[in-house]
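Subject: A structure for you to look through

Dear colleague,

I am passing on a structure that I would like you to read through with the notes below at hand. Please open it first, and then follow the notes in order, looking up each residue as it is named.

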Amino acid sequence: MSTRTAGKSRSEARARLLDTATRIFYAEGIHSVGVDRIIAEAQVTRATLYRHFKGKDELILAYLQQADRGIRGQVAAIRAQGLPAAETVRAVGRSIADGIESPGFRGCAFLNAVAEYPDPAHPVHQAVLDHRQWFLETVTQLMEDAARTPADVTGRHFVMLRDGAMAAGCLFDPTLIRATFLEGVEGILRAGAAPAPGPDSAAPLSA
């Protein structure tokens, strides 16, 4: 076997392991799935697993890193379209809504993972926080571009709305959740564009 063929074989085995782990972790949870099942369904040996990943925790991190790259890629592709700022926010919202309506939707992979790893010092917990910080900063910048004003509050509002939609989307009618979420995005955009009340706008005191 040539070096190139051997490298391709190792790459395919790693991809098969990661794809298998991703499918099962997302559908069934992380703690409930053992490495023996992943090995069996990926059709590799135990030695192959440990050749690519030091253990289950490293495989979990690879699963989350892959999910992170996918979401970053979606947002980057939307931003690359050069849409007006508010339309960019709407497009990001639609991409989230499309995910909620997709077959096999089981909520947010990151929220699901952090629920199983509550220790803030654990690498899995840290990976979730890193992803969420990036998402919050990205959405806040998009909202600021749309409103031309500081958007710390509206950015947090968007993330909280998204979190609620992701949780509700696997419990209730996803079509209804999609519509409610997108309506909420419109509300956030309107709130961000509204001028802040000035010092003279307070309601008069009653006699």
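I begin with glutamate 186, which counts as partly exposed at 25% relative accessibility. Please keep in mind throughout that this is a predicted model.

The side chain of glutamate 186 meets that of arginine 90 in a salt bridge, with 2.5 Å from N to O. Because glutamate 186 lies in helix α9 and arginine 90 in helix α5, this pair ties together parts that are 96 residues apart in sequence. Arginine 90 is itself partly exposed, at 23% relative accessibility, and its side chain also meets the side chain of glutamate 87 in a salt bridge of 2.8 Å, again from N to O.

Which residue forms a salt bridge with aspartate 98? The partner is arginine 178, and the closest N and O atoms of the two are 2.6 Å apart. Arginine 178 lies in helix α9 and aspartate 98 in helix α5, so this pair ties together parts that are 80 residues apart in sequence. Is arginine 178 buried or exposed? At 19% relative accessibility it counts as buried, because buried means under 20%, whereas aspartate 98, at 43%, counts as partly exposed. Salt bridges that share partners also join Arg23, Glu28, Arg37 and Glu41 into one network. Leaving aside residues up to four places away in sequence, arginine 178 touches Arg94, Ala97, Asp98 and Glu101. A search of the whole structure finds 11 salt bridges.

The secondary structure comes to 9 helices and 0 strands, and buried residues make up 37% of the 207 residues in the protein. Among the contacts with a separation of 6 or more, 67% are accounted for by residues 24 or more positions apart.

The next topic is the interior. In soluble globular proteins, nonpolar side chains tend to be buried together. Here the largest nonpolar core has 54 residues, of which Phe25, Leu59, Leu64, Ile96 and Phe158 touch the most other members. At least two residues of this core are supplied by each of α1 (3–28), α2 (35–42), α4 (56–79), α5 (85–100), α6 (109–116), α7 (123–147), α8 (152–169) and α9 (174–193).

Two packed helices are described by the angle between their axes and the distance between the axes. For α4 and α7 the angle is about 10° and the axes are 10 Å apart, which means that α4 is roughly parallel to α7. Sorted by class, the contact of α4 with α7 has 11 nonpolar, 3 polar and 3 charged residues.

Proline 84 sits in the loop between α4 and α5 and is exposed, with a relative accessible area of 55%. Its C-alpha atom is separated by 9.0 Å from that of aspartate 145, although the two residues are 61 residues apart along the chain. Glutamine 43 has its place in the loop between α2 and α3 (46–52), and its phi is near 60°, a positive value in a residue other than glycine. Glutamine 43 counts as exposed, at 67% relative accessibility. Arginine 148, in the loop between α7 and α8, likewise has a phi near 60° and is exposed, with a relative accessible area of 67%.

With best wishes

Key: Residues numbered from 1 in each chain as written. Predicted model: local features only at pLDDT ≥ 70, side-chain atom pairs only at ≥ 80, totals over all residues. Heavy atoms only, no water. Core = buried A, V, L, I, M, F, W, Y, C linked by side-chain atoms within 4.5 Å. Buried < 20%, exposed > 50% of the residue type's maximum accessible area, 1.4 Å probe, protein only. Helix = DSSP H or I, 4+ residues; strand = E, 2+ residues; numbered from the N terminus. Axes fitted to C-alpha atoms, helices over the stretch in contact; angles between N-to-C directions. Parallel < 35°, antiparallel > 145°, perpendicular 65-115°, else oblique. Nonpolar A, V, L, I, M, F, W, Y, C, P; charged D, E, K, R; others polar. Contact = heavy atoms within 4.5 Å. Salt bridge = Lys/Arg side-chain N within 4 Å of Asp/Glu carboxyl O.
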